[in-house]
Structures are given as C-alpha cells and as structure tokens.
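Please look at the sequence and the structure below, and keep both in view while reading the short report that follows.

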Amino acid sequence: MSLADLSMSRCSAAYNVVHSDTWTILSGSLAGSTFSGDAQTESVISLDGDIGSDAREKTTLYIDRPAPLLERGMVISGKGMTWRVIGDKDDNAANDRIKFELVQISSKDA
C-alpha cells in the first residue's frame, strides 16, 4: 500500500466515524445485511409520469471499499427513510469510495 493510499484510508476512517450512517438492505439476496455509508443529499428532483409529477428527495451514497453488491432497483433503508437505487454504481479505481444514486420511496410507490 502506498503512502497516499494509507493516508486516504486513515482519513476516510476518521471521516466515517462522524459522517456515516448505518444502512440496511431490504430487498434481494442480501436482504437484512447492514453496511456503513455517507449520504449527501441533493436537491429535490421531479419525476413526471402518467399520473402527474412527483417531487422527492434524491441522494448520492458513498461507501468505502469493499462495498456491498447494490444493484439498480434494490431497496435500502437509512437516515430514517426508505430508498431505491436508481443508478449503476460509479466505481472509479482512483477513488477509495464507490458512489450510488438513490431516490426516496414515498407512500405513492406502495
């Protein structure tokens, strides 16, 4: 491990103690598994469909390596809300964190 990798890993651990939350996978073969991740809330997005428009919260979830095998469509729980993975993972080899895009599931989805 290079000095830069070691430094990033130590800083990341300290950052996660303060900023990360515990998340639970609610669907798929990994249902019930928990992991630690840092959600950075973005502006509300508007989803337009046949039954009208719907504004809901969207977030980007950052997970340290090794990340759980989250896939598009999986449902997870964190920060007191339920979320759906809406994008493929953004796995940049130069970054020690993997990024997932999530959207909040509302009662309209039930």
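This is a predicted model: local features need pLDDT of at least 70, side-chain atom pairs count only at pLDDT 80 or more; totals for chains, interfaces and linings use all residues.

Strand β5 is largely enclosed by the rest of the structure, because 6 of its 7 residues are buried.

## V103 in strand β8

Another residue whose place is in strand β8 is V103. Is V103 buried or exposed? V103 is buried, because its relative accessible area is 8%, and a residue counts as buried under 20%. Between V103 and V75 there are 28 residues in sequence, counted as their separation along the chain, while their C-alpha atoms are 9.8 Å apart in space.

## The aromatic pair

The count of aromatic pairs in the model comes to 1. This pair is formed by W23 and W83, whose ring centres are 6.4 Å apart and whose planes make an angle of 55 degrees, so that the pair is described as tilted. The pair links distant parts of the chain, since W23 lies in strand β1 (residues 21–25) and W83 in strand β7 (residues 81–85), 60 residues apart.

Both W23 and W83 are buried. Leaving aside residues up to four places away in sequence, W23 touches a list of residues that includes W83, F35, L61, I76 and L102, and among the others on that list are S33, T34, G37 and K79.

## The largest nonpolar core

In soluble globular proteins, nonpolar side chains tend to be buried together. The largest nonpolar core of this model has 14 residues, and those that touch the most other members are W23, F35, L61, L70, I76, F100 and L102. Which elements give two or more residues to this core? They are β1, β2 (34–41), β5 (58–64), β7 and β8 (97–104), and β8 gives the most, with 3 residues.

Key
Residues are numbered from 1 along each chain as its sequence is written. Side-chain values use heavy atoms; hydrogens and water are left out. Rings of Phe, Tyr and Trp (its six-membered ring) pair if their centres lie within 6.5 Å; planes under 30 degrees apart count as stacked, over 60 as edge-to-face and the rest as tilted. Helices (H or I, at least four residues) and strands (E, at least two) are DSSP runs, numbered from the N terminus. Buried means under 20% relative accessible area, exposed over 50%, partly exposed in between (1.4 Å probe, protein chains only). A nonpolar core is a set of buried Ala, Val, Leu, Ile, Met, Phe, Trp, Tyr and Cys residues joined through side-chain atoms within 4.5 Å. Contact means heavy atoms within 4.5 Å.
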